[in-house]
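Hello,

Here is the structure we talked about handing over. Please open it and keep it beside this message while you read.

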Amino acid sequence: MSDINIMNYSLEEIAEKIGAKVIYSPTANKCETSVHSLATLENASAGQIAFLANSKYRDQLKGTNATAVIINEECLTDCKTSALVMANPYVGYALVAQLLNSTPATAVNIHASAVIDPSANIGKNVAIGANAVIESGVSLGDNVSIGAGCFIGKDTVIGNSTALWSNVSVYHDIEIGQQCLIQANSVIGSDGFGYAKHEGQWVKIPQLGRVIIGDRVEIGASTTIDRGALDNTVIEDGVIIDNQVQIAHNVVVGENTAIAGCSVVAGSTVIGKNCTIAGMVAINGHISLADGSVVTGMAMVTKAITKPGVYSSGMPAVPNREWNKNNAYFRKVGSLAAKIKVLENQMSSLNND
């Protein structure tokens with residue numbers, strides 16, 4: 001049997017938390033109506049709260065068994081349960097998820113097997129998991145949590161209330177801000193891909209820069225962020241990076257930008273503020289993306305984006321027969337363009353006559 005202490009919250013408490021208005025169903029007992037967990041509209045049962053943020057699921061409102069649903073004003077007519085009404089139900093869902101979050105801490109106390117250099121500066125209420133290594137000159141702020149098996153390299157600074165899940169490797173002389181979250185197996189500060197070629201051999205260029213990560217940054221599992229060659233790699237405040245993303249040396253990612261899974265950013269590229277980079281995007285090196293740029297999935301960005309907007313180049317999947325047919329046409333584009341050019345010249349000559 002689980003030993004997790006289940007917390008119950010009244011709808012009034014939740015409404016205050018998320019900034020919503022409570023509308024009770026006709027059969028609800030206001031004094032006894034409470035919830036303890038989240039669920040989908042389709043699978044929710046008594047004691048759970050659901051949400052509706054996508055209109056294509058609106059027909060599930062009438063049949064849901066949830067005790068309450070977070071919805072907007074427009075959907076209230078279809079709701080048969082108690083409702084928490086707000087303009088943005090998805091944000092409401094996020095805030096309720098925070099309130100009902102049962103995820104355990106990344107570490108509790110300082111484990112006896114952790115290896116901590118005597119010169120490290122350890123703040124108040126710090127937790128360090130089993131077999132973690134904290135090297136010399138490291139500074140950990142108050143309420144920092146370091147998961148099992150993590151490595152924190154020499155002279156690295158980690159700000160207050162930042163948490164690392166297990167087996168995160170943070171190299172030497174890295175700076176991570178406050179209230180950050182780094183998921184398992186990520187690597188921060190590994191060498192950038194720097195080499196010079198001499199007489200057919202690759203000559204390694206030591207990477208002498210750092211990685212500077214701002215406040216409230218979240219980094220997904222198995223993501224790598226390379227240290228700079230000379231200048232620093234910089235991840236600014238509020239950035240969110242998904243799993244298995246590669247950020248190369250000297251990249252700068254602007255405030256509140258989001259980068260989805262399996263995307264890669266080549267060296268010395270500057271991504272502006274409030275950008276959205278979808279999954280499996282490849283961004284060339286030594287270019288910049290304007291603030292507010294949106295790049296859709298599987299796009300390849302080879303040139304600078306100077307104006308905010310939505311940019312795409314990925315090919316959606318089609319039936320194989322259709323793809324083969326279109327590919328056959330594509331191979332003829334060059335000859336067709338040449339024929340069109342000849343026809344244009346002939347038309348121009350006729351018009352001049």
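**Strands and the sheet**

Start with strand β31 (residues 264-265) and strand β34 (residues 282-283): two bridges join them, and they run parallel. Within this pairing, Val265 sits opposite Ile283 of β34. In general, strands of a sheet pair through backbone hydrogen bonds, either parallel or antiparallel.

Now zoom out. Both strands belong to an open sheet of 10 strands with parallel pairing. Its order is β8-β11-β14-β17-β20-β25-β28-β31-β34-β37. Which strands are at the edge? They are β8 (115-116) and β37 (300-301), and each of these pairs on one side only.

The protein chain has an average pLDDT of 94. A score of at least 70 is reached by 98% of the residues. Residues 1-5 are another matter, with pLDDT below 50. That stretch makes zero contacts in the model beyond near neighbours in sequence. Where pLDDT is low, the predicted coordinates should not be read in detail.

**A hairpin**

Next, look at strand β21 (residues 195-198), which contains Lys197. Four bridges join β21 to strand β22 (residues 201-204). These two strands run antiparallel. Lys197 stands opposite Trp202 in β22. Together β21 and β22 form a hairpin, with two residues between them. One turn residue, Glu199, has a positive phi of about 50 degrees.

Is Lys197 buried or exposed? Lys197 counts as exposed because its relative accessibility is 56%, and the cut-off for exposed is over 50%. Lys197 and Lys307 are 110 residues apart in sequence. In space they are 36 Å apart, C-alpha to C-alpha.

Most residues other than glycine have a negative phi. Check two residues against that.

- Asp173 is not a glycine, yet has a positive phi of about 60 degrees. Asp173 lies in the loop between β17 (169-170) and β18 (175-176). With a relative accessible area of 31%, Asp173 is partly exposed.
- Asn274 also is a residue other than glycine, and its phi is positive, near 55 degrees. You will find Asn274 in the loop between β32 (270-271) and β33 (276-277). Asn274 is partly exposed, at a relative accessible area of 48%.

**Aromatic pairs**

How many aromatic pairs does the structure hold? There are four. One of them joins Phe51 and Tyr93, and this pair is stacked. The ring centres are 4.1 Å apart, with 10 degrees between the planes. The pair links distant parts of the chain. Phe51 is in strand β5 (residues 48-51), while Tyr93 is in helix α2 (residues 89-99), 42 residues apart. Phe51 is partly exposed, with a relative accessible area of 23%. Tyr93 is partly exposed too, at 27% relative accessibility.

Another pair is Phe193 with Tyr195. Their ring centres are 5.3 Å apart and their planes are at 70 degrees, so this pair is edge-to-face. Phe193 counts as exposed, at 73% relative accessibility. Tyr195 counts as partly exposed, at 38%.

Finally, bring Tyr90 into view. Phe51, Tyr90 and Tyr93 form one aromatic cluster.

**Cysteines**

A disulfide is a covalent bond between the sulfur atoms of two cysteines. How many disulfides are counted here? The count comes to zero.

Take Cys75. Cys75 counts as buried, with 7% relative accessibility.

Send me your questions once you have looked around.

Best wishes

Terms used: Residues are numbered from 1 along each chain as its sequence is written. This is a predicted model: local features need pLDDT of at least 70, side-chain atom pairs count only at pLDDT 80 or more; totals for chains, interfaces and linings use all residues. Side-chain values use heavy atoms; hydrogens and water are left out. pLDDT is the predictor's confidence in each residue, from 0 to 100. Contact means heavy atoms within 4.5 Å. A disulfide is a pair of cysteine sulfur atoms within 2.5 Å. Buried means under 20% relative accessible area, exposed over 50%, partly exposed in between (1.4 Å probe, protein chains only). Two strands pair if DSSP finds at least two bridges between them. Rings of Phe, Tyr and Trp (its six-membered ring) pair if their centres lie within 6.5 Å; planes under 30 degrees apart count as stacked, over 60 as edge-to-face and the rest as tilted.
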